[in-house]
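Subject: Model for your files

Dear colleague,

Here is the structure I promised to pass on. My notes on it follow below.

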Amino acid sequence: MKKYIILVIALLFSAVCLNVFAQTKSYPFEVLKTGKGKQAVVFIPGFASSGDVWKETRANLEKDHTCYTLTMAGFAGVKPQSNASFKNWETEIADFIKTNKIEKPIVIGHSMGGGFALALAADYPELVGKIVVVDALPCMAALMDPNFKSKENNDCSSMVNQMTAMTETQFLDMQKKTMPRLVQDASKIDMIVDWSVKSDRKTFAEMYCDFSNTDLREKIAQVKCPSLILLESYFVNLKPAIEGQYQNLKNANFQYAGKGLHFIMYDDAAWYLNQVNNFVK
């Protein structure tokens, strides 16, 4: 009798485990869920950044909102996954929203994360309530080359080889030289550099190459939801080119920061939070 009971318990335990594992999916990102509120916000960080880039924004919103903060696989110390690509990650974020029944979230994305916000709102208009795009363009490469056309089968192997061949010192030096051009707040530089250094080098190269080949200028015509586009101060000098890229986005509200660089949430924090609050609330 005792053996029978043990066998039944073992079978029940196995059934429970199989059920749990069947429902668990490994997404190409980690998720931090905080706050409480009927309206949900999904935060998507930029290239090689941690979800902690949204720490201040999240603290500002989570009292009245349920917040889902992503950190993408291979970035900022999160374990990498295979098949990293812009389209794959976009599809997986959409699947996460559907599977978890997150109703019409406000999607807030910085840099490459802003690209995801645009793509999600275009490809899954029924899923997204509003988007906030923080210093991102529909086609980054077209700003330097107006005649740019994305390649169908873009080969990223040379960039992967170049990045993975760098020593840790060489990569660190490169990031230290790059970051002051992206963030004016010197107190944040070491943190952002650390996120890059902790990123998987192969994912770093693959996603930089793939996002550089992404062109959303035509696709964004499908976006139906309200869209707030927050841009760094220098971009006001390139207003015709910037807003020309966004010409197919019909519900866009363009706002240019008064100071600072790419990380607007740090360099013009008060202005940035005011813009987000007014739009979200």
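Buried means under 20% relative accessible area, exposed over 50%, and partly exposed in between (1.4 Å probe, protein chains only). This is a predicted model: local features need pLDDT of at least 70, side-chain atom pairs count only at pLDDT 80 or more, and totals for chains, interfaces and linings use all residues. Residues are numbered from 1 along each chain as its sequence is written, and side-chain values use heavy atoms, with hydrogens and water left out.

Salt bridges

The whole structure contains seven salt bridges (a side-chain nitrogen of Lys or Arg within 4 Å of a carboxyl oxygen of Asp or Glu). Lys87, Glu90, Asp123 and Lys219 are linked in a network of them. Glutamate 90 counts as buried because its relative accessibility is 1%, whereas lysine 87, at 42%, is partly exposed.

Aspartate 123 and lysine 219 form a salt bridge at 2.9 Å, N to O. Aspartate 123 is in helix H4 (residues 112-123) and lysine 219 in the loop between H9 and strand E6 (227-231), so this pair ties together parts 96 residues apart in sequence. Aspartate 123 is partly exposed at 23%, and lysine 219 is partly exposed at 23%.

Glutamate 56 also forms a salt bridge, with lysine 188, the closest N and O atoms being 3.7 Å apart. That pair links distant parts of the chain, 132 residues apart: glutamate 56 is in helix H2 (residues 55-61), and lysine 188 is in the loop between helix H7 (168-178) and helix H8 (189-197). Glutamate 56 is partly exposed, with 36% relative accessibility.

Threonine 203

Threonine 203 lies in helix H9 (residues 201-212) and is buried, at 2% relative accessible area. Leaving aside neighbours within four places in sequence, its contacts (heavy atoms within 4.5 Å) include Ala73, Phe75 and Trp89.

Methionine 144

Which helix holds methionine 144? Methionine 144 belongs to helix H5 (residues 140-144). With 70% relative accessibility, methionine 144 counts as exposed.

Regards

How values were computed: Helices (H or I, at least four residues) and strands (E, at least two) are DSSP runs, numbered from the N terminus.
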